[in-house]
Amino acid sequence: MPATSKTELLAASEREFSKLQQLLDDLPAMLRLEKDADGISPKDIVGHRAHWIDLFLGWYRDGLAGRPVWFPAKGYKWNETPRYNADLRQRQSGLSWQSVRSLLDSNHAELLALIEGLDEEELYGGPMKGSNNKWTTGRWAEAAGPSHYRSASKYLRQRRARFEEERNQRGKSSPGQSGVT
């Protein structure tokens with residue numbers, strides 16, 4: 001269920017970010033840059049989450065200032081999100097694991113600062129300015145933060161499980177480990 005108050009939103013943001021951070025801290029180094037069948041690495045997932053927080057913050061600032069708000073970004077429509085994300089991965093391809101982790105940390109801190117600086121009415125009193133839909137600022141913040149953290153955590157748990165399963169399979173098929181005498 002989506003958060004409906006500032007307190008719930010802050011709690012969800014902290015809880016989901018903490019879970020994600022623990023997963024990132026425990027992720028094997030050799031898995032961090034490894035691409036999956038779709039060409040996406042855990043590093044790409046972290047960079048994506050950091051970037052979408054920044055997108056939301058830009059949407060909020062632009063809407064508040066009365067400037068046009070481009071969803072998801074100028075030159076892209078919502079139905080072109082896969083293309084946007086592929087372009088984002090290309091733009092972020094030169095970033096290191098530590099760089100995307102730092103970016104996520106700093107953007108999360110900015111997200112929390114925005115939430116903490118707004119009152120209930122500003123977060124949940126009506127649609128976010130410039131959004132051209134019924135979503136409140138709080139709902140947009142949740143989509144950019146805790147919801148994205150949850151989906152990243154799910155993806156990373158699955159990737160880690162596959163990685164460990166493959167490693168275990170390789171270990172079982174190594175000479176002298178087959179159990180055959």
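Trainee: Which residues in H6 meet which residues in H7?

Mentor: The model is a predicted one. In it, Arg139, Ala141, Glu142, Ala143 and Ala144 of H6 meet Pro146, Ser147, His148 and Arg150 of H7. By class, this contact of H6 with H7 has four nonpolar, two polar and three charged residues.

Trainee: Why is H6 called roughly parallel to H7?

Mentor: The axes of H6 (residues 137-144) and H7 (residues 146-172) cross at roughly 20 degrees and come within 3 Å. Angles under 35 degrees count as roughly parallel, so H6 is roughly parallel to H7.

Trainee: What makes H1 roughly antiparallel to H4?

Mentor: Helix H1 (residues 6-26) and helix H4 (residues 97-117) pack at an angle of about 170 degrees, and their axes are 11 Å apart. An angle over 145 degrees counts as roughly antiparallel, and therefore H1 is described in that way relative to H4. The residues in this contact include Leu9, Phe17 and Leu24 of H1 and Leu104, Leu112 and Ile115 of H4. By class, the contact of H1 with H4 has nine nonpolar, three polar and six charged residues.

Trainee: How many helices and how many strands are there in the chain?

Mentor: The chain has seven helices and zero strands. Its pattern along the sequence is α-α-α-α-α-α-α. The C-alpha atoms fill a box of roughly 75 × 35 × 25 Å, taken along the principal axes. Of the 181 residues in the chain, 44% are buried.

Trainee: What makes the aromatic pair of Trp52 and Tyr84 edge-to-face?

Mentor: Two values are needed here. The ring centres of Trp52 and Tyr84 are 5.9 Å apart, and their planes are at 85 degrees. Trp52 in helix H2 (residues 42-65) and Tyr84 in helix H3 (residues 81-91) are 32 residues apart, and the pair links distant parts of the chain.

Trainee: How do you know whether Trp52 and Tyr84 are buried or exposed?

Mentor: Buried means under 20% relative accessible area. Trp52 has 8% relative accessibility and therefore counts as buried. Tyr84 has a relative accessible area of 3%, so Tyr84 is buried as well.

Trainee: Why is the pair of Trp59 and Trp140 called edge-to-face?

Mentor: Their ring centres are 5.3 Å apart and their planes are at 75 degrees, so the pair is edge-to-face. This pair also links distant parts of the chain, with Trp59 in helix H2 and Trp140 in helix H6, 81 residues apart. Trp59 is buried, with a relative accessible area of 5%, and Trp140 is buried at 7%.

Trainee: Which residues form one aromatic cluster?

Mentor: The cluster is formed by Trp52, Trp59, Phe71, Tyr76, Trp78, Tyr84, Trp135 and Trp140.

Trainee: What lies over the face of Tyr84?

Mentor: Arg91 lies there, at 5.3 Å from the ring centre. Arg91 is in helix H3. Leaving aside neighbours within four places in sequence, Arg91 is in contact with His51, Tyr76 and Tyr84.

Trainee: Why is Ser18 called partly exposed?

Mentor: Ser18 has a relative accessible area of 47%, so Ser18 is partly exposed. Ser18 is found in helix H1. The C-alpha atoms of Ser18 and Tyr149 are separated by 9.2 Å, although these residues are 131 residues apart along the chain.

Trainee: What makes Asn132 exposed?

Mentor: Exposed means over 50%, and Asn132, at 77% relative accessibility, therefore counts as exposed. Asn132 lies in the loop between helix H5 (120-124) and H6. Asn132 also has a positive phi of about 55 degrees although it is not a glycine.

Trainee: Which peptide bond is cis?

Mentor: The bond from Phe71 to Pro72 is cis, with omega near -5 degrees. Pro72 lies in the loop between H2 and H3. Most residues other than glycine have a negative phi, and most peptide bonds are trans.

Terms used:
Residues are numbered from 1 along each chain as its sequence is written. This is a predicted model: local features need pLDDT of at least 70, side-chain atom pairs count only at pLDDT 80 or more; totals for chains, interfaces and linings use all residues. Side-chain values use heavy atoms; hydrogens and water are left out. Axes are lines fitted to C-alpha atoms, for helices over the stretch in contact, and angles run from 0 to 180 degrees between N-to-C directions. Helices (H or I, at least four residues) and strands (E, at least two) are DSSP runs, numbered from the N terminus. Angles under 35 degrees count as roughly parallel, over 145 as roughly antiparallel, 65 to 115 as roughly perpendicular and the rest as oblique. Contact means heavy atoms within 4.5 Å. Ala, Val, Leu, Ile, Met, Phe, Trp, Tyr, Cys and Pro count as nonpolar, Asp, Glu, Lys and Arg as charged, and the others, Gly among them, as polar. Rings of Phe, Tyr and Trp (its six-membered ring) pair if their centres lie within 6.5 Å; planes under 30 degrees apart count as stacked, over 60 as edge-to-face and the rest as tilted. Buried means under 20% relative accessible area, exposed over 50%, partly exposed in between (1.4 Å probe, protein chains only). A charge sits over a ring if NZ of Lys or CZ of Arg is within 6 Å of the ring centre and within 35 degrees of the ring normal.
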